[in-house]
Amino acid sequence: MRCVHGATINLNSFGAMGFDAFSANVVDHIFTLCDGANSCPNSGSAATWLSETFSQAHPDTLDTQLKVRHAQLCALFPETGSTLLRLAADDGGIHMASIGDSFLWLFQKPWGGFGPWRCIDQMPRDIDSKGHPTQLVGSEVCDILHESHHPPVGRYCAVMMSDGPGLSVSPAQLLERVAVLGRAEPQDHDLAYLCRSLALQAQKSGCRDDISVAIVWIHYQ
Amino acid sequence: MKLKDLFSMTRSSTGVETFQSSSTDAFADSIALELRAVATAAIKRALEERETRYMKSVLDESYFVLESLVVTPRDREIAKSLDAFLSVHEAVDSGFRHKFFQQIVQREYRSSRGSCVRVPETFEATIQLGADSLESMSGEEGFQVSLKGRRISFAVEASLGGPLKRETVQSPVAKAMANLTGAPSVRAPIANPGAQLGPRDTPSAPSIDVSVSDSRGNTHKLVGLPLVIGRNSANSADPMGVQSVGVHATYISRSQIVVFELMGTIYYFIPEGASLTCVRHDGLILERQKLYQLASSDVTTFRCGIDTNVGGVIPSDATPADFPVIHLNVHAAQPDKTPRPRAIS
């Protein structure tokens, strides 16, 4: 299995800490993106703690981990909340998990990599009629962790975004960016470039929220 | 007649006169050529070093930006000459250094692999004196030349930024409108039988509460920006997404007030084509083609139908059917802040 990643984090924070956090565990191939609720001052720190914690490999199931981490987050950073996107790739396949209103898409390049990239999965978003998150880790509501699994076959490309850029970039723009990746293995610079171009696209579209984009490319040989 | 005289006669008879270059011009010519060559070599070297990190498909759709070009004279003689040359010209023209280095660098450089470097219009190279720049060259060092015998006068280091995505060419109008909040966004459907790519909502943007008192009475409308208020404006739908509010009155121009947002601030102005202008609630008569900032906290009121050619006076018995009144109130954008979910009891 080959795994490459790239990210652009907190593009709009202009020198401030920002409310988004990304962690990459390149040994165990675990990647997390967390977006703290920016109405709560400490949510940036909470998101950083959460992303670092969930990027570590752990023998417990994710559900069990979530319960423990949620309680810890409430104690460490009271009155905060953060989304959680987690992608883990191992010999058993790709495991995706999410909670909150951030975006996680999974693309696949079929026919041995000769077909065009197509979106095969998108994690559900927990939002109400106003588009606000209905559950966040560390908030009063943290009930359901959405999970998805994909077999260890072929080339995958996962795109993670905080809600700001996710709402600002159109599906066509997203697919056009992913389509730049061909059959060959990209380098981390390539993915960093694609993340930045998506983030700039979101900024140009008027996104005023913190902008974070991460891309993980996986190839099962 | 001598042969030399014959030649001079021939030259003068053609009307072409050759002026002798001054030593400064000769120096400029020689260093411009050398600087151009070494700058090109430095930029291509930096480009070839950077491009290996990227896929061909990324290089094909992007460009690097020249961030800096540091020129270091190789010995004291060159450093002094270059410094004197730039100082003399800058005394006459303060922008000389910028113009000189704009001639040295090209607009764009390309590598054999297809990647390119673009040079910003504001770019200016830096002359940096190194330890070598202060030392006179010894007789033996004077023989440090390139393989083909050229004396090497400068060392140049280039650094690049990016890559950035190349923009697709669009018309100036479309480009301007795309930067304005409220312009329509075209979203092509994704040919994907698999998963949906999620719900799409545009981010919140400021809008304007427009109240108009005219021959129809009082009307009220919440509209986005950019916005044109004027006679029958509502009938002229604009494909670029410009909103419009129509006013039905005797004294009102076709495009009376234009309102738009730029970098979070809302401005308004009377277009040049408007024959009439307005008076603001504080008594200010608006001038054509002059930008005014719209107060975000209070309601701004305008009385329309002011003709500055006849003194800009409104009769005391003026009615809104003749001289309409427009109230503008900024409807603040919804905050982008994400609330913390609360348990429902």
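In chain B, five strands line up as an open sheet in the order β9-β8-β10-β11-β13, and the pairing is mixed. At the edges sit β9 (243–247) and β13 (292–293) of chain B, each of which pairs on one side only. This is a predicted model, so local features need pLDDT of at least 70 and side-chain atom pairs count only at pLDDT 80 or more, while totals for chains, interfaces and linings use all residues. Residues are numbered from 1 along each chain as its sequence is written, and chains are lettered from A and ligands numbered from 1 in the order in which they are written.

Helices (H or I, at least four residues) and strands (E, at least two) are DSSP runs, numbered from the N terminus. Two strands count as a pair if DSSP finds at least two bridges between them.

Is B:Tyr268 buried or exposed? B:Tyr268 counts as buried because it has 21 C-beta neighbours inside 10 Å; the cut-off for buried is 20 or more other C-beta atoms within 10 Å of a residue's own, with 12 or fewer meaning exposed, anything in between partly exposed, and C-beta atoms placed from the backbone. Leaving out residues up to four places away in sequence, B:Tyr268 touches B:Ile257, B:Val258, B:Val259, B:Tyr292 and B:Leu294 (a contact means C-beta atoms, placed from the backbone, within 7 Å). Take B:Val258: ten residues separate it from B:Tyr268 in sequence, yet the two C-alpha atoms are 5.4 Å apart.

Strand β7 (residues 217–223) of chain B pairs with β6(B) in the antiparallel sense, over seven bridges, and a hairpin through two residues links β6(B) to β7(B). In this pairing B:Ser213 faces B:Asn218 of β7(B). Strand β6 itself (residues 207–214) is mostly covered, with six of its eight residues buried. Seven bridges also tie β6(B) to β15(B), again antiparallel, and B:Ser207 stands opposite B:His331 there.

Among contacts in chain A with a separation of 6 or more, 73% are between residues 24 or more positions apart.

One helix of chain A, α1 (residues 43–54), has twelve residues and spans 16 Å from first C-alpha to last, close to the 16 Å expected at 1.5 Å a residue (the expected span is 1.5 Å times one less than the number of residues). Nine of the twelve residues of α1(A) are buried, including A:Trp49, A:Leu50 and A:Phe54. What covers them? The cover includes β2 (20–25), β3 (30–35), α2 (62–76) and β4 (84–90) of chain A.

Methods. Two residues are in contact if their C-beta atoms, placed from the backbone, lie within 7 Å.
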